[in-house]
Amino acid sequence: MSTKTVAITGNGAAAYAFKQINPDVVAAYPITPQTDLVQSFSQYVADGLVHTELITVESEHSAMSACVGAAAAGGRVMTATSANGLALMFEILYIAASSKLPIVMPVVNRALSGPINIHCDHSDTMAARDAGWIQIYSENAQEAYDNIIQAVRIAENMKVRLPVMVMYDGFIISHGIDRVDFLDDTTVHDFVGKYQPNYPLLDIDKPLTFGPLDLYDYYFEHKRQQAEDINNSKPVILEIAKGFREISGREYGLFESYHLEDAETAIVVLSSAAGTTKTVVDELRGKGRKVGLLKPRIFRPFPYMEIAQALSHLKAIAILDRSVSFGGFGGPLFTEIRSAMMEFGKAPQNINIIFGLGGRDINQQDITGIYDQLDEIVKSGKVKERIQYLGVRE
Amino acid sequence: MSAIKQKGWKEIPKGGLILEAGNSEQYETGSWRSQRPVRDEQKCTHCLICWVFCPDSSIIVEDGKIKGIDYKHCKGCGICAAECPAKAIEMKDENEFREKEGVKK
C-alpha cells in the first residue's frame with residue numbers, strides 16, 4: 001500500500017475518489033455546496049484521466065433519471081448533489097432504490113429552503129431517509145473519501161444491490177481544507193473491482209422489462225424485498241470495512257465509539273460536529289470527567305440494537321440532531337435511538353438537542369455545556385427539558 | 001382474479017423486473033369486463049374491421065376468417081361493436097354469462 005498525504009477540501013477529496021473509481025457514467029447538476037466536486041471531476045474528464053461519460057443535464061430530476069437509465073443499461077454510475085437538488089431528485093430516488101440500481105451519490109449536506117440558506121444542516125438527507133438508499137455519514141474529508149470508495153462495493157454487493165448516499169457537511173467539510181491520505185490509483189481500482197450488472201438492458205439477447213406497473217398484487221412483495229435487502233447490507237458493510245482496513249489501515253464500523261466504554265455521560269452526533277465533540281471529550285477527560293461520544297456512521301440501515309447496546313451502560317446521553325422533524329417527538333436520530341433503547345430494554349436518561357440549523361456554528365463551549373447539563377441530570381435524576389434548541393435566541 | 005398463481009416475495013425477481021419478454025398474454029384481463037361482445041355468425045361478413053380496431057388483439061382470426069373472440073383477454077371496451085359495419089356484434093351484460101358459467105361475482 002502506498003499513500004499520498006495532501007491538503008485538500010472535502011469536495012476535492014470526493015472528486016479524487018470519483019477519479020480513482022472511474023465510473024462509466026456521471027450525470028450531475030451543480031448546486032452549492034456540491035458544485036466544485038463535479039467541477040473538479042469534469043476537469044478529470046476533460047483531461048482524459050477517466051473514461052467516464054459525463055452527462056450534463058438541466059436539473060437534478062434529470063440527473064437522477066439519467067443515472068437510473070445508465071445504471072439499468074448496465075453501467076457503474078455516480079452523481080452528487082445537495083439540499084434542494086436532492087429534493088428535486090426525490091421522485092427518482094425511490095425509483096433507483098426500488099429498481100435495485102447501485103448508484104453512488106455523495107450528498108453535501110445543506111439546509112433545505114426555505115427561507116433559502118446554503119449552509120450545513122441535515123434536513124436534506126434526513127428527509128430522504130425512507131427512500132430506500134443506504135445512508136453513510138462522514139465526519140471529515142478523509143472519511144468522505146474513504147466512504148465513497150467503500151460505497152461502490154457496498155452498493156454493488158450481490159446481497160445488497162442498492163443505491164448509497166455518502167454525506168459530509170456542507171462548507172464545514174466540503175470547502176474546509178483538511179489533511180487527507182489518498183490511496184494510489186491501482187489500490188482503489190483493485191478494491192472496487194469490475195462491476196457485474198445483474199440485468200443490463202444493453203444485453204439484447206436477454207430482453208427484460210424495467211419499471212413495469214406493479215399494483216396491489218405485487219407492489220407489497222417488492223417493498224418486502226427492499227426491506228430485507230437493506231437490512232442484509234449491515235454485515236456486508238462491516239466485511240467491506242475490514243477489506244478497506246487492509247488497504248488503508250483505517251477502521252470503519254457501523255458507528256464510532258470515542259471513550260465510550262468507561263464513560264458515564266455521552267453525546268451522540270453525526271458528521272463534523274463529532275470532530276468538535278472529540279476535542280471536548282479529550283479536554284474534559286484531562287480534567288478527570290468520564291465523558292464519551294458515539295458517532296453513527298450508517299444511518300440507513302439503522303444499527304439499532306448495536307447502538308442501544310453501546311449506550312446501555314451510560315447514566316445520561318444527549319442525542320444531537322442537525323435537523324427538525326416538525327411536529328415529531330424530537331429529531332430523526334433521537335427518535336431512532338429512543339425507540340432502539342426500548343427494544344434493548346435498558347436506557348440511560350436522555351435529551352434531544354436540535355443544533356446547527358442553516359449552518360449555525362456549534363463550538364466547544366456549547367458542547368461542554370451539554371456535558372455539564374448531562375451531569376446535572378445524573379445528579380438530580382430529572383430531565384427538565386426533553387427537546388432543546390441549542391443557541392436559539394429567545 | 002388473474003389465473004396466474006401469486007408468488008411470495010422470495011420467489012419473484014427483484015426490483016420489479018420482468019425477466020421474460022412477451023408474457024402479457026399470461027395476464028388474463030377478461031375479468032375486468034362488464035359488457036361482453038357477442039358476434040352473430042349470420043350477419044358477420046368477415047371484413048376484419050373488428051380485428052383492426054380491437055386494442056387488445058382479442059379477435060381470433062384463422063385463414064382470413066373470424067373464428068371467435070378471446071374472452072380471456074377482451075376487456076369489453078365495445079369498440080368492435082361500435083365499428084362493425086354489418087352490426088354483427090352486440091354488447092351484452094356480462095352478469096348474464098357469469099351466472100350461467102357459474103363464475104362468482
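Helices (H or I, at least four residues) and strands (E, at least two) are DSSP runs numbered from the N terminus. Two residues are taken to be in contact if their C-beta atoms, placed from the backbone, lie within 7 Å. Axes are lines fitted to C-alpha atoms, for helices over the stretch in contact, and angles run from 0 to 180 degrees between N-to-C directions. The model is predicted: local features need pLDDT of at least 70 and side-chain atom pairs count only at pLDDT 80 or more, whereas totals for chains, interfaces and linings use all residues. Residues are numbered from 1 along each chain as its sequence is written, and chains are lettered from A and ligands numbered from 1 in the order in which they are written.

Two strands pair if DSSP finds at least two bridges between them. A:Ile267 has A:Leu293 in S11(A) as its bridge partner.

The domain assignment of chain A gives domain 1 (3-248) and domain 2 (256-389); such bounds come from an automatic or database domain assignment. The C-alpha centres of domain 1 and domain 2 of chain A lie 28 Å apart. In chain A, 28 residues of domain 1 are in contact with 20 residues of domain 2. On the side of domain 1 of chain A that touches domain 2 of chain A, at least two residues each are supplied by helix H5 (123-127), strand S6 (134-137), strand S7 (164-169) and helix H8 (219-248) of chain A. H8(A) gives the largest share of that side, five residues. By class, the residues of this side of domain 1 of chain A divide into 14 nonpolar, nine polar and five charged. Here Ala, Val, Leu, Ile, Met, Phe, Trp, Tyr, Cys and Pro count as nonpolar, Asp, Glu, Lys and Arg as charged, and the others, Gly among them, as polar.

H8(A) also packs with helix H6 (residues 141-156) of chain A: the axes come within 10 Å and cross at roughly 130°. H6(A) is therefore oblique to H8(A), under a scheme in which angles under 35 degrees count as roughly parallel, over 145 as roughly antiparallel, 65 to 115 as roughly perpendicular and the rest as oblique. The crossing of H6(A) with H8(A) is right-handed; a crossing is left-handed if the near helix is turned anticlockwise from the far one by less than a right angle, and right-handed if clockwise. From H6(A), A:Asp146, A:Gln150, A:Arg153 and A:Ile154 meet residues of H8(A) including A:Ser233, A:Val236, A:Ile240 and A:Phe244. The contact of H6(A) with H8(A) has six nonpolar, three polar and two charged residues.

H3(A) passes H4(A) in a right-handed crossing. Among the residues that make the contact are A:Met64 and A:Val68 of H3(A) and A:Leu88 and A:Ile92 of H4(A). The residues of the contact of H3(A) with H4(A) divide into 10 nonpolar, three polar and two charged. A:Ala83, which lies in helix H4 of chain A, has phi near 35°, a positive value in a residue other than glycine.

The peptide bond from A:Ser113 to A:Gly114 is cis, with omega near 5°, and A:Gly114 is placed in the loop between strand S5 (104-109) and H5 of chain A. The bond from A:Arg300 to A:Pro301 is likewise cis, with omega near 0°. A:Pro301 is found in the loop between strand S12 (298-300) and H10 of chain A.

Between chains, 11 residues of chain B are in contact with 17 residues of chain A. The side of chain B that touches chain A comprises six nonpolar residues, four polar and one charged.
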